Amino acid sequence: MEAKNNKKTIWAWCMFDWANQSYNIVITSTIFPAYFVEVTKFNSKNTQMVTFFGHKYVNTVLSNYILGLSYLIVAAILPILTSIADYRGNKKSYLQLFTWLGSLACAGLFFFKPGTGLEIPMLCFGLASIGYCGGFVFYNSYLPQIATPDKQDAVSAKGFIYGYVGSIVVQVLCFIVVLQPNWFGITDDWLPARISFLMVFVWWIGFSVIPFRLLPKGQPNAGKHSYNVLTGGFKELAKVFGKVRKMPLLKRFLASFFLYSVGVQTIMLVAANFAAKELHMPDAALISIVLIIQVVAVPGALIASKSSEKFGNVRTLVGLVAVWSAICLYAYFITSSTQFYAAAVVIGIVMGGVQSLSRSTYSKYLPENIPDTASYFSFYDVTEKLSIVVGLFCFGFVEAVTNEMRDSTLALDGFFVLGLIMLIVLMFTESKIRKQNVEAGV
C-alpha cells in the first residue's frame, strides 16, 4: 500500500479537480445556461416554452429537470459501481470511464445550435452531468486513502482550491473566445459558445491524464469473497450500510449534509438563471459573477480549514450553514445587480468553506485504513446527489406553479434551517460522546 501524505500523489489528486471543474463552471454555471436560454428563446420566438419529446416546458424548468434526472441516475447506479470497485480494487478504471463519458458529452454540445431539436443536446447535457458526478465519487473516495485524518481538512481544501483556480483559467479562455470572436475571425454569433464546449472537452480530459497516471489503482478489499462481481457489489454495499447505521456521528452528519446540500447545490446550479430571468443581467455580467464566486471561494476554503483547526469541523459548519441560510433569504429580496454582486461574494466565501469541510468531515468520521473507501464515499455522494435532485425539482416545481423564481428561494431556505438544526444536534452529540470517552479513559 502506498504511504499516505505523499506530495506527488496529493498533487495528482488535486489536478483532477483542476480538470473537471471546467465542466462545472462553463456547462452548469455560465456559458451553456446563457446559451441555452438564448437558443431556446430563438427557437420558440421568445415564448420561453420549448418542446421536448412532444411535451412542452418552460426552458429553464426543462434544464433543471434534466439535471435533476441525471443526478437521480447517478444516485441509483453509483452505490453498485463503487462497491464493485472496492471489491475488485479498480476504482481508477471507473474514474476514467466517467471522465471520458462526461468530456465527450461536452464535445457533443458543439452541435447544439438554433434550428436543432432539443432531444440530442439535452441527452448530451445529462450525460455530461452523469460523467462529472460519477467521476467525483471515485475521486472523493481517494481522500482517506492518500491522507491521514490530521491532514484531510487541508488536503480537501487544497483539492477545491485547485478546482476553483482551474475553473477561473478555463473560464477566462472561454470568455475571450465568446466576447472577442473577431480576434479569431469568427463571424457566426452562435459559434463562440459552441467552441467553448469543445474547449471544456480538451481541458477536462487533457489534465485528467495526470491523475490517471499517478493515482493508485485502488485498494483491493482485503476480505476473501466467493460471490461474483455483481452480487458482490450488492453484498458489499449492504455491509457498509449496516456499518453506517451503527455510527451515530456519521449517520447524523449524513442527515444534516443532505438537508443543507439541497440549498447549497441548487443555488450554485440556478444562480445564473436567476440573475438572467429575475434581474435581466447580461451574459458578460453573469460570467463575471461566477468568476468572482470562484475567486473568493479560494480564501473561503482556506479560512474554513483554519477555522476547523481552532473550533472544530462541526462548529465551523454550523457557522457556514447559518450564513447560507441568511443569504438564501436575502436572495428573495434582491432587486438590483449590485445586491446580487454582494450576495455572490458572500456565497463564494461560504461555498468554498462548506464544500471542502463537508468532504473532510465525512472522511474523518470513517474508520481508519478501511479497504472499501469507494463504498463508504458512495453514501456521501449519493446523499449529495439526492439532495440536488430534491433541490432542482423543488425549485423547478415552485417556479412552474408560481412563475416566480423568488418563491423557490424561500423553499430552499427551509432546507437550510433544517440542516442547521441537525448540525447543532450533531455538535451536542459529538460533545457528549467525547465526554463519555474521556470519563471512560478512551
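Tutor: Ala, Val, Leu, Ile, Met, Phe, Trp, Tyr, Cys and Pro count as nonpolar, Asp, Glu, Lys and Arg as charged, and the others, Gly among them, as polar. This is a predicted model, where local features need pLDDT of at least 70, side-chain atom pairs count only at pLDDT 80 or more, and totals for chains, interfaces and linings use all residues. Residues are numbered from 1 along each chain as its sequence is written, and side-chain values use heavy atoms, with hydrogens and water left out.

Student: How do the residues lining the largest cavity divide by class?

Tutor: They split into 26 nonpolar, 11 polar and 5 charged.

Student: What makes a space a cavity rather than a pocket?

Tutor: Work on a 1 Å grid over the protein atoms alone. A cavity is a set of points where a 1.4 Å probe fits but cannot get out. A pocket is an open set with protein on both sides within 12 Å along at least five of seven lines. Lining residues have an atom within 4 Å of a point. Grid points are joined across faces, edges and corners, and the volume is the space filled by probe spheres set on the points. By this rule there are 4 cavities of 30 Å³ or more.

Student: What is the volume of the largest cavity, and which residues lie closest to its centre?

Tutor: Its volume is about 580 Å³. Of the 42 residues that line the largest cavity, N24, Y132, Q265, M268 and Q355 are closest to the centre.

Student: Which elements give two or more residues to that lining?

Tutor: Helices here are DSSP runs (H or I, at least four residues), as strands are (E, at least two), numbered from the N terminus. The contributors are α1 (7-29), α5 (119-140), α7, α10, α11, α13 (337-365) and α14 (373-402). The largest share, 11 residues, comes from α10.

Student: What lines the second largest cavity?

Tutor: It has 16 lining residues, with I267, F274, A331, F340 and I347 nearest its centre. The volume of the second largest cavity is about 180 Å³. By class, its lining has 15 nonpolar, 1 polar and no charged residues. At least two residues each come from α10, α12 (313-331), α13 and α15 (405-439).

Student: And which residues lie closest to the centre of the largest pocket?

Tutor: Y35, V178, D189, A193 and D283, out of 17 lining residues. The space in the largest pocket is about 310 Å³. Its lining holds 12 nonpolar, 1 polar and 4 charged residues. Helix α2 gives the largest share, 4 residues.

Student: Why is T99 called buried?

Tutor: Buried means under 20% relative accessible area, exposed over 50%, and partly exposed in between (1.4 Å probe, protein chains only). T99 has a relative accessible area of 0%, so T99 is buried. T99 sits in helix α4 (residues 91-108). Beyond residues up to four places away in sequence, T99 touches F16, G131, W204, I205, S208 and F212 (contact: heavy atoms within 4.5 Å).

Student: What makes E38 and K41 a salt bridge?

Tutor: The rule asks for a side-chain nitrogen of Lys or Arg within 4 Å of a carboxyl oxygen of Asp or Glu. The N to O distance in E38 and K41 is 3.9 Å, so the pair meets the definition. The two are 3 residues apart in helix α2, so about one helical turn separates them.

Student: Which parts of the chain does the R406 and E278 pair link?

Tutor: Their salt bridge, 3.4 Å from N to O, links distant parts: R406 in helix α15 and E278 in helix α10, 128 residues apart. Both R406 and E278 are buried. K385 and E384 form another salt bridge at 2.9 Å, and both are buried. The whole structure has 4 salt bridges.

Student: What makes a set of residues a nonpolar core?

Tutor: The members are buried Ala, Val, Leu, Ile, Met, Phe, Trp, Tyr and Cys residues joined through side-chain atoms within 4.5 Å. The largest core has 136 residues, and I27, Y260 and Y362 touch the most other members. Helix α10 (residues 248-278) supplies the largest share of this core, 15 residues.
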